[in-house]
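Please find below my comments on the model under review.

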Amino acid sequence: MTPTPTPLAAAGAVEKDNKRITTGWTFYDWANSVYPLVITSSIFPIYWGAVTADINPAEGNTVDFLGFQVPGSSLLTYAISFSFLLIALVSPFLTSLADFSGRKKLFLQIFCYIGAISCAGLFFFTKGTLTLSTFVFIAATVGFSGSIVFYNSYLPDISSEEKFDSLSAKGFSMGYIGSVILLVICLVLVTFNKEIGIEKGFATRLSFLLTGIWWAGFAQIPFFTLPPDTGRPADAPAAEGGWVLNGFRELGKVWDQLSQLPNLKKFLLAYFTYNMGVQTVMYVATIFGDKELHLESTALIVTILLLQVVAILGAYLFAKLSEAIGNTRALSWSVAIWGCICVAGYFVQAGWSFYALASVIGLTMGGIQSLSRSTYSKIIPENTPNSAAFFSFFDVTEKLSIVIGTAVFGVIAQITGSMRNSILSLIVFFILGFIFLLTLRGKKLREDSLGPVAVPAPPPASAGAEMGAPVAR
């Protein structure tokens, strides 16, 4: 079956399912996935906990931040919340501007370098630089999150719909493999620091520097292989009021399109709710194991390392499951499992129960992330010329859900004095997400009406290629 080309593909600029392009695209997952693993999930939270505990151990590990006394663990979740709130506010404008200007790759590169340089800057994080390093961490998170929206928006441009699930899963798997390799290197540095002849703190901070170098270095592969920016066509009409107003005008067009796509709105609502729980668990799991379960740092890092390996299997497993029972059904199963994870997390103790729970998290982590991205790609209007603007809505939905999820977690932990209560509260998000997904069960996800911003249907000569396309459910 020959996939229907996009306008760019028809012009010869982009060839869908080109192995060189799709493989290069997955290498950005390989490059940037070291950030969520090393910085947000494993080594950095442990180092953060050690530094903040050393600042004021007599006062319950509270720290002074801009004149406020805040528990060290809560400050980390608040920093994450602020980071994603910031990127949620600016990414809709930037992505619509990227679509309008034809500079999608340029924006991907800008955010990549902001994140990578900030990661490297965390090398200077000590208890004397807590406030400054908190803002550097925020910048790294903004860089990571900002680049992801442009990266994700390439998926419908370079792949045919029937390959969305497998290509998305391949990207996440590449990310897990690459990040595991760097984490092993960092683990060797931290564990055998004495044999190497360096202090443990220096070895830990060296891991942050290596993360930035890895991210920026391997990002050169997708930067080289992804289609070049087309730029603004010479014959394109000038934007009324300049780029700034046009950026918001493009978002307004997408908003109008959403009113004609009820399934898209329902999916975004479901994603918004269950993602609050998923992302919060992923961001706080390590500090929960450190502060609540009092696990050794080496045991925590090894657990997260194994979790990444299991996540590779999970991404492919749920991709196969979606082929058998449909995307929304597979997502519903995954969300139900995550709800059970929260209940188990409230009772979990150090030992076999923790490792069993970590294995389940790893299995479902890759699946729900990969399926969410590919399902959204199947719902947005086919061949839409402003894919980055559509993905900015997806990105804003994700970021706002992280803002609320991590903020709720931090507030409950600060008020009750226990992160277990925060973990248990997340089950509400999964229940709501599951209910919203049920409204999509058995439906054709992409509506027939593409609305005013979509590209018109191809001429009848190519219509036959559409007949055999699988229906996304």
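What is the mean pLDDT of the protein chain, and what share of its residues reach 70 or more?

1. The mean pLDDT (the predictor's confidence in each residue, from 0 to 100) is 78, and 81% of residues reach 70 or more. Residues 1-12 have pLDDT below 50, with 23 contacts (heavy atoms within 4.5 Å) beyond near neighbours in sequence in the model. Residues 449-473 are also below 50, and that stretch has 46 such contacts.

2. This is a predicted model, in which local features need pLDDT of at least 70 and side-chain atom pairs count only at pLDDT 80 or more, whereas totals for chains, interfaces and linings use all residues. Residues are numbered from 1 along each chain as its sequence is written, and side-chain values use heavy atoms, leaving out hydrogens and water.

3. A nonpolar surface patch is formed by F82, L85, L86, L89, V90 and L400, with about 480 Å² of accessible area together. Such patches join nonpolar side chains (Val, Leu, Ile, Met, Phe, Trp, Tyr) within 5 Å, from residues with over 30% relative accessible area and no salt bridge. Areas follow the Shrake-Rupley method with a 1.4 Å probe, and for residues only the protein chains shown count as cover. A salt bridge places a side-chain nitrogen of Lys or Arg within 4 Å of a carboxyl oxygen of Asp or Glu.

4. Helix α5 (residues 72-101) supplies the largest share of the patch, five residues. V90 is found in this helix, α5, and is partly exposed at 32% relative accessible area.

5. A31, in helix α2 (residues 19-32), is buried at 0% relative accessibility. Buried means under 20%, exposed over 50% and partly exposed in between (1.4 Å probe, protein chains only). Helices are DSSP runs (H or I, at least four residues), numbered from the N terminus.

6. Not counting residues up to four places away in sequence, A31 touches W214, W215, F218 and A219.

Notes. Patches are made of residues with over 30% relative accessible area and no salt bridge: like charges are joined within 9 Å, nonpolar side chains (Val, Leu, Ile, Met, Phe, Trp, Tyr) within 5 Å. Helices (H or I, at least four residues) and strands (E, at least two) are DSSP runs, numbered from the N terminus.
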